[in-house]
Amino acid sequence: MKICVFGAASPTIDPRYIEAVEKMGREMAKRGHSLVFGGGGNGLMGAAARGVRDGGGKIVGVIPKFFDEESVEAICDFCDELIFTESMRERKQIMEDSCDAFIVVPGGIGTFEEFFEVLTLKQLCRHNKPIAIYNIMGYYNELHETMNSAIAKNFIRGNCSDLYVISDDLEKVFECVETPEAERTVRELKDG
Ligand code: AMP
């Protein structure tokens, strides 16, 4: 499968996140999966890429041209394919369209945005690809609580929690992305 990994660009995070994501990348390659990602060379994007490379898997990076021109983020220098886009929007579209499943690892604003985009599109039945959150060291516990609170207050339908799996167990993360999704309809998933 082609797995799109969303994750932090920051290199100043706790090294335990880096180690966990490198290991995840090696496991991805071992299971025969390839990586689609934002092309960053640092943080958890870089970690995923190093892991997949070390495991012998294929890596496709997708990065806006201005990242290079304006030195926004370090770019991974060992991608098998590096696609330069005009915009952030185009970058996300290519990442989303070219993968079979998503894994979200810890990250900042960019990662949150990417997660919520693929989640909202799944709720609206614009795609039906598995989404797994790898909850390393409980990083996403508060996000999970926020989602549950919104469900309890009827802002989100309860069955929307079936649209993604959140786990700190790597095996469960892979089980999620490797399992085909149930068919759903917008009517089941959304009030409005
Ligand atoms: P962060 O989680 O903030 O470290 O960002 C992770 C990655 O997401 C970085 O490569 C950001 O440039 C990228 N990113 C942030 N916002 C967007 C967006 N709107 N579309 C595509 N990528 C984004």
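**Around K129**

Modeller: Start with K129. Beyond its neighbours within four places in sequence, K129 is in contact with E96, D97, C99, D100, A101, F102, K122 and E181. Keep in mind that this is a predicted model.

Biologist: Where does K129 lie?

Modeller: K129 sits in the loop between α5 and β6.

Biologist: What makes K129 a residue with no salt bridge?

Modeller: The cut-off is 4 Å, from a side-chain nitrogen of Lys or Arg to a carboxyl oxygen of Asp or Glu. The nearest side chain of opposite charge is D97, 5.5 Å away. That is beyond the cut-off, so K129 has no salt bridge, yet K129 is buried.

**Salt bridges**

Biologist: How do you know that K122 and E181 form a salt bridge?

Modeller: Their closest N and O atoms are 3.2 Å apart. The limit is 4 Å, so the pair counts. The pair links distant parts of the chain: K122 is in helix α5, and E181 is in the loop between α7 and α8, 59 residues apart. Both residues are buried.

Biologist: Why is the pair K65 and E86 called a salt bridge?

Modeller: The closest N and O atoms are 2.3 Å apart. K65 is in helix α3 and E86 is in the loop between β4 and α4, 21 residues apart.

Biologist: What about E27 and K30?

Modeller: Their side chains meet at 3.9 Å, N to O. The limit is 4 Å, so this pair is a salt bridge too. Both lie in helix α1, 3 residues apart, about one turn of the helix. E27 and K30 also belong to a network of salt bridges with R31, E171 and E178.

Biologist: How many salt bridges does the structure hold?

Modeller: It holds 14.

Biologist: Why is K30 called exposed?

Modeller: Exposed means over 50% relative accessible area. K30 has 69%, so K30 is exposed. E86 has 57%, so E86 is exposed as well.

Biologist: Which helix gives the most to the lining of the largest pocket?

Modeller: α5 does, with 5 residues. The pocket holds about 270 Å³ of space. Its lining divides into 7 nonpolar, 4 polar and 5 charged residues.

Conventions:
Residues are numbered from 1 along each chain as its sequence is written. This is a predicted model: local features need pLDDT of at least 70, side-chain atom pairs count only at pLDDT 80 or more; totals for chains, interfaces and linings use all residues. Side-chain values use heavy atoms; hydrogens and water are left out. On a 1 Å grid over the protein atoms alone, a cavity is a set of points where a 1.4 Å probe fits but cannot get out, and a pocket is an open set with protein on both sides within 12 Å along at least five of seven lines; lining residues have an atom within 4 Å of a point. Grid points are joined across faces, edges and corners, and a volume is the space filled by probe spheres set on the points. Helices (H or I, at least four residues) and strands (E, at least two) are DSSP runs, numbered from the N terminus. Ala, Val, Leu, Ile, Met, Phe, Trp, Tyr, Cys and Pro count as nonpolar, Asp, Glu, Lys and Arg as charged, and the others, Gly among them, as polar. Buried means under 20% relative accessible area, exposed over 50%, partly exposed in between (1.4 Å probe, protein chains only). Lys and Arg count as positive and Asp and Glu as negative; His and the chain ends are not counted. Contact means heavy atoms within 4.5 Å.
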